[in-house]
Structures are given as C-alpha cells and as structure tokens.
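Visitor: I have a chain on the screen and some questions about it. Can you walk me through it?

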Amino acid sequence: MRTLLITYTVILTLGISAMLSGIHHLANVAGFIGAIAFLLIFFKDRKDEETEADIKQRRYWYVVCGTGIFFSLIFGSFWNDHMGNMI
C-alpha cells in the first residue's frame, strides 16, 4: 500500500506542477510512470484464486495508472505546441 501511495503522490505532483508551470514534459513523465506501472500490474502473473483484498488493490493500481495517463494526455500532449513541429 505504501508503494501505491508514493506512486500516486509522484504522479499527482508531476501532473499538478505541469498544469501550474506549463512544462508539458512533467506531465509526460507522469504518463510514462503510469504506463509502466499499468504494464507491470496488467501482465503480472496472478494466483489462481485471488482474495478480495488483492482484487481491490489491483483496482487501486488501475486508478493510479489511469491518473498518470490522463495527466499525460491532458497536460502533456494537448498542451504541447511543439508536437509535429506545429508552432
């Protein structure tokens, strides 16, 4: 649970700082962290019988990963005026 909270704090900090400062690279880093965590959680080998707590923990990880990808899309990609050399 501690790793989950630390990851969520880092993603929120990067996303909010990208929103306030306008530096879109910070949001892209948050999206990268979210995407890597999503890959690790989604493709992790699971036990045959999962407990309710394991399922709940995995859902929390999906929310954390989704938040990182959301920040990356909204504050990283859409606000990036250098994407595709469009000025």
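Predicted model: local features only at pLDDT ≥ 70, side-chain atom pairs only at ≥ 80, totals over all residues.

Visitor: How much of the chain counts as buried?
Guide: Buried here means under 20% relative accessible area. The chain has 87 residues. The share of them that counts as buried is 28%.

Visitor: Among contacts between residues at least 6 apart in sequence, what share joins residues at least 24 apart?
Guide: Contact means heavy atoms within 4.5 Å. Take the contacts in the chain between residues at least 6 apart in sequence. Those that join residues at least 24 apart make up 67%.

Visitor: Which residues does Ile11 contact, leaving aside its neighbours within four places in sequence?
Guide: Ile11 is one of the core residues that touch the most other members. With neighbours within four places set aside, its contacts are Ala30, Ile33, Gly34, Val64, Thr67, Gly68 and Phe71.

Visitor: Is Ser72 buried or exposed?
Guide: Ser72 sits in helix α3. Not counting residues up to four places away in sequence, Ser72 touches Ala27, Asn28, Gly31 and Ser77. Its relative accessibility is 13%, and the cut-off is under 20%, so Ser72 counts as buried.

Visitor: Which element gives the largest share of the nonpolar patch on the surface?
Guide: The patch is formed by Phe32, Ile36, Phe38, Leu39, Leu40, Phe42, Phe43, Ile69 and Leu73. Together they have about 880 Å² of accessible area. Two elements give two or more residues each: α2 (24–42) and α3 (52–77). The largest share, six residues, comes from α2.

Visitor: Which residues do ring pairs link into a cluster?
Guide: The structure holds five aromatic pairs. Ring pairs link some residues into a cluster. Its members are Phe38, Phe42, Phe43 and Tyr62.

Visitor: How do the rings of Phe70 and Phe71 pair: stacked, edge-to-face or tilted?
Guide: Phe70 is partly exposed at 48% relative accessibility, whereas Phe71 is buried at 11%. Their ring centres lie 6.2 Å apart. Planes under 30 degrees apart would count as stacked and over 60 as edge-to-face. The angle here is 45°, so the pair is tilted.

Visitor: How far apart are the closest N and O atoms of Lys47 and Asp54?
Guide: Side chains of opposite charge can pair when their charged atoms come close. Lys47 is exposed at 60% relative accessible area, and Asp54 is partly exposed at 29%. The two form a salt bridge. The closest N and O atoms are apart by 3.9 Å.

Visitor: Which residue forms a salt bridge with Arg58?
Guide: The count of salt bridges comes to two. Arg58 is buried, with a relative accessible area of 15%. The closest N and O atoms are 3.3 Å apart, and the partner is Glu50.

Visitor: How far is Gln57 from Met1, C-alpha to C-alpha?
Guide: Gln57 lies in helix α3 and is partly exposed at 26% relative accessible area. Leaving aside neighbours within four places in sequence, Gln57 is in contact with Met1 and Leu4. Gln57 and Met1 are 56 residues apart in sequence. In space, their C-alpha atoms are apart by 8.0 Å.

Methods: Residues numbered from 1 in each chain as written. Heavy atoms only, no water. Patch = residues over 30% accessible without salt bridge, like charges linked within 9 Å, V, L, I, M, F, W, Y side chains within 5 Å. Areas by Shrake-Rupley, 256 points an atom, 1.4 Å probe, with all protein chains shown as cover. Salt bridge = Lys/Arg side-chain N within 4 Å of Asp/Glu carboxyl O. Helix = DSSP H or I, 4+ residues; strand = E, 2+ residues; numbered from the N terminus. Phe/Tyr/Trp six-rings, centres within 6.5 Å; stacked < 30°, edge-to-face > 60°. Buried < 20%, exposed > 50% of the residue type's maximum accessible area, 1.4 Å probe, protein only. Core = buried A, V, L, I, M, F, W, Y, C linked by side-chain atoms within 4.5 Å.
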